[in-house]
Amino acid sequence: MNIVNKDVIIIGGGPAGLAAAVSLHKKGIRDILIIEREKTLGGILRQCIHDGFGLTRFKETLSGPEYAQRFIDEAEELNIEYVTDTTVLSVTKDKKITAASKKGLMTWQAKAVILTMGCRERTRGALAIPGERPTGVFTAGVAQSYINLQNTMVGKNVIILGSGDIGLIMARRMTLEGAKVKAVFEILPYPSGLPRNIEQCLKDYDIPLYLSHTVTNIHGGSRLTGVTVSAVDEHLKPIPGTEKEYACDTLILSVGLIPENELSLSAGVKLDGRTKGAIVDENYQTCVDGVFAAGNVLHVHDLVDFVSLEAERLAEAVTEYVQDHSLSPCGIKISTSPEIGYTIPQQVSGTKDFNLSMRVRKPFRDCQIEVVQEGSIIKSVAFKKVIPAEMINIPISHKLLQSDKDLEVRVKC
């Protein structure tokens, strides 16, 4: 088998991979290859036909396909090489990539590898919902694909479990297609989706949202006939006696996304138990030298604009790595108080400015996000409201840091 050498190989041709490739080319890296397992580039954006994309990155509102097409057009204008219908089978620590396509097995050797594989949906099996196993139970992304890409209606009487953004958008989409969305149920005491989607997708269409409720049983034979819903306590356990039955032929699950990191593990990349993505430094480099990660494979983003901006920051570091063959070692670790779910990056060198991304574990009002080193607050940002659905981005200057002291991020109300 012939081994083809490349400067940079990008695994995944979605918004992160495309943005990284275009940015790399503009910075002088020409020997780039994007590997995409679907038939076309664009990733999940191909099925996101609603608008609201691009407000941060392009300063205008676009649909998902329009947003993706801007990067696809730019990649083609720059003659960036890509292959589709090609599935990567393995990535090794020495950056050797093996993939399968209609042409057979192919192998490449890269100087740097960028992981942009996106994420997958959590399924009914992961939730362990008891009951029968009829047809009519879909994840929100699968239902979206059926309707938007395959022109196939999935049901007429719908219950949605989970208030994630795709579930909220599908509540509106199903209503517009003539279905009756009876309710959206969320196990947490606060919504999981963005406030704008709560307003535009539920309140504008009079779709009720029940917090602290979950599906506790599924009924039906060959087809779903109904579900049992129960209220939950502060420990998220169903409360006996609160059961209520809803007749429906479709249950849509919008219960979270999981970064797609099987290839990362095969390369020896260490994962963060909180994000389910790689542990990275300020350069978005993993613990494996020359292997980088960005986008939803690193941590789940709420806006695709943030995915593109993150990938463009990664491209700066990859350019430096390919040209100089090394990056500054990162010895400053970043920890969090219990109120913070995670931070990206998890460690930094202290030699360059970086963007600190994070999510809180629960909503807070009138609070400060503080970055502390050696007991001293080096940066404090005030917020009127922070919620888990919205990612927080705080730029940090390296001039504020001491080179050998760890950082802590905390919430103060």
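I note that the model is predicted. I counted seven aromatic pairs in the structure. Tyrosine 67 is buried, and I recorded its relative accessible area as 0%.

**Charges over phenylalanine 58.** I then checked what lies over this ring. The charged end of arginine 57 sits over the ring of phenylalanine 58, 4.9 Å from the centre. I also found arginine 70 over the face of phenylalanine 58, with 5.0 Å to the ring centre.

**Phenylalanine 292 and tyrosine 321.** I examined a further aromatic pair, phenylalanine 292 with tyrosine 321, which is edge-to-face at 5.7 Å centre to centre and 75° between the planes. I placed phenylalanine 292 in strand S17 (residues 291-293) and tyrosine 321 in helix H8 (residues 304-324), so the pair ties together parts 29 residues apart in sequence. I noted both phenylalanine 292 and tyrosine 321 as buried.

**Sheet S12-S13-S14.** I turned to an open sheet of three strands, in the order S12-S13-S14 and with antiparallel pairing. Strand S12 (213-220) and strand S14 (244-247) are at the edges with a single partner strand each, so I recorded one side of each as lacking a neighbour in the sheet. I read an average twist of 30° from one strand to the next. Between strand S13 (residues 224-231) and S14 I found antiparallel pairing over four bridges. I traced valine 227 to its bridge partner in S14, tyrosine 246.

Conventions: Residues are numbered from 1 along each chain as its sequence is written. This is a predicted model: local features need pLDDT of at least 70, side-chain atom pairs count only at pLDDT 80 or more; totals for chains, interfaces and linings use all residues. Side-chain values use heavy atoms; hydrogens and water are left out. Two strands pair if DSSP finds at least two bridges between them. Helices (H or I, at least four residues) and strands (E, at least two) are DSSP runs, numbered from the N terminus. Axes are lines fitted to C-alpha atoms, for helices over the stretch in contact, and angles run from 0 to 180 degrees between N-to-C directions. Rings of Phe, Tyr and Trp (its six-membered ring) pair if their centres lie within 6.5 Å; planes under 30 degrees apart count as stacked, over 60 as edge-to-face and the rest as tilted. Buried means under 20% relative accessible area, exposed over 50%, partly exposed in between (1.4 Å probe, protein chains only). A charge sits over a ring if NZ of Lys or CZ of Arg is within 6 Å of the ring centre and within 35 degrees of the ring normal.
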